[in-house]
Each structure stands twice: as structure tokens, then as C-alpha cells.
Amino acid sequence: MLTFLASALLLPTPSQSSSTPTYLAADSENVNVDISPDNKSIVFTCYKDFSIENGEIWLMDIETKKARKIGEGDDATFSADGKKIAYAHWPDGEEGSEIYTMDLDGKNAKRLTNSEDECWD
């Protein structure tokens with residue numbers, strides 16, 4: 001079960017019991033959570049140093065509550081068929097973020113945009 005406390009997202013980590021949540025996200029403005037179309041998984045973003053440029057994308061099985069890091073980025077969301085995850089990522093050496101997709105295991109990342117400004121951010 002997801003627990004929202006104040007404006008923070010709290011989720012149990014694999015090393016803890018489900019009754020002991022761990023703080024994973026900075027605040028409600030930085031909480032990105034999406035539930036898979038089959039309602040079996042949650043994709044969410046954790047922020048290192050509370051910076052969106054340092055976001056980590058995690059996938060959690062709702063039944064087992066086991067989560068694993070699958071990539072780096074922000075605003076992760078499931079595709080309509082639940083087979084891919086779309087997300088924003090800041091390529092090295094570039095100022096703006098770009099849109100990517102990846103498989104649920106974090107492999108086969110594919111860049112979809114190549115913008116020179118941040119007009120969609």
C-alpha cells in the first residue's frame with residue numbers, strides 16, 4: 001500500500017517490512033508516480049540531492065512491494081499498453097531535457113526528442 005504523509009511519498013523498501021516506510025521523494029511537486037495499466041506495478045522517481053536532474057527511476061511490484069532501480073530521469077510514466085516507460089532525461093552536456101522510452105527492465109532506452117530548448121518542460 002502506498003502511504004502519503006504530509007507532502008512526501010513514503011514507500012517500503014525491499015529490506016524493510018511494509019509497516020516501516022522509507023522517505024523516497026522530496027515533496028508533492030517532485031513526486032512522480034504512475035500505476036501500470038494492469039495495476040500490478042508502480043513506476044516512481046527518487047531524487048538524489050533533491051534535484052530533478054539527479055532523478056532515479058524505480059519500478060515496484062505492488063503485490064511483493066519489491067522495488068528496483070531501472071534508470072535515471074524524471075516524470076516516468078507507463079505506455080498505454082504497459083510495455084514501456086516514457087521519461088525525461090538530461091543528456092550529458094546538454095541544457096534541456098529530452099523524452100526517452102525504455103523497456104520495463106531499464107534496457108533499450110530510445111531517445112524520442114532532439115530539442116534545443118526547454119519549451120515542453
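In this predicted model, the largest nonpolar core is made up of 10 residues: Val 43, Ile 57, Leu 59, Ile 70, Ala 76, Phe 78, Ile 85, Tyr 87, Tyr 100 and Met 102. At least two residues of this core come from each of strand E6 (55-61), strand E8 (74-78), strand E9 (84-89) and strand E10 (98-103). In soluble globular proteins, nonpolar side chains tend to be buried together.

Strand E6 was examined together with its partners. Five of the seven residues of E6 are buried, so the strand is largely enclosed by the rest of the structure. Strand E5 (residues 41-47) pairs with E6 in the antiparallel sense, over seven bridges. Within this pairing, Val 43 has Leu 59 of E6 as its bridge partner, and both Val 43 and Leu 59 belong to the largest nonpolar core. E6 is also joined to strand E7 (residues 67-72) by five bridges, and these two strands run antiparallel. Here Trp 58 stands opposite Lys 69 of E7. E6 and E7 form a hairpin in which five residues lie between the two strands. In the turn of this hairpin, Lys 65 has a positive phi of about 65 degrees.

An open sheet is formed by four strands in the order E8-E9-E10-E11, and the pairing is antiparallel. Its edge strands are E8 and strand E11 (110-111), each of which pairs on one side only. Between E9 and E10, the antiparallel pairing extends over six bridges. Ala 86 has Thr 101 in E10 as its bridge partner.

Asn 39 is not a glycine, yet it has a positive phi of about 60 degrees. Asn 39 is located in the loop between strand E4 (33-35) and E5. The relative accessibility of Asn 39 is 55%, and Asn 39 therefore counts as exposed, since the term applies to values over 50%. Asn 108 likewise has a positive phi of about 60 degrees although it is not a glycine. Asn 108 is found in the loop between E10 and E11. With a relative accessible area of 55%, Asn 108 is exposed.

Terms used
Residues are numbered from 1 along each chain as its sequence is written. This is a predicted model: local features need pLDDT of at least 70, side-chain atom pairs count only at pLDDT 80 or more; totals for chains, interfaces and linings use all residues. Side-chain values use heavy atoms; hydrogens and water are left out. A nonpolar core is a set of buried Ala, Val, Leu, Ile, Met, Phe, Trp, Tyr and Cys residues joined through side-chain atoms within 4.5 Å. Buried means under 20% relative accessible area, exposed over 50%, partly exposed in between (1.4 Å probe, protein chains only). Two strands pair if DSSP finds at least two bridges between them.
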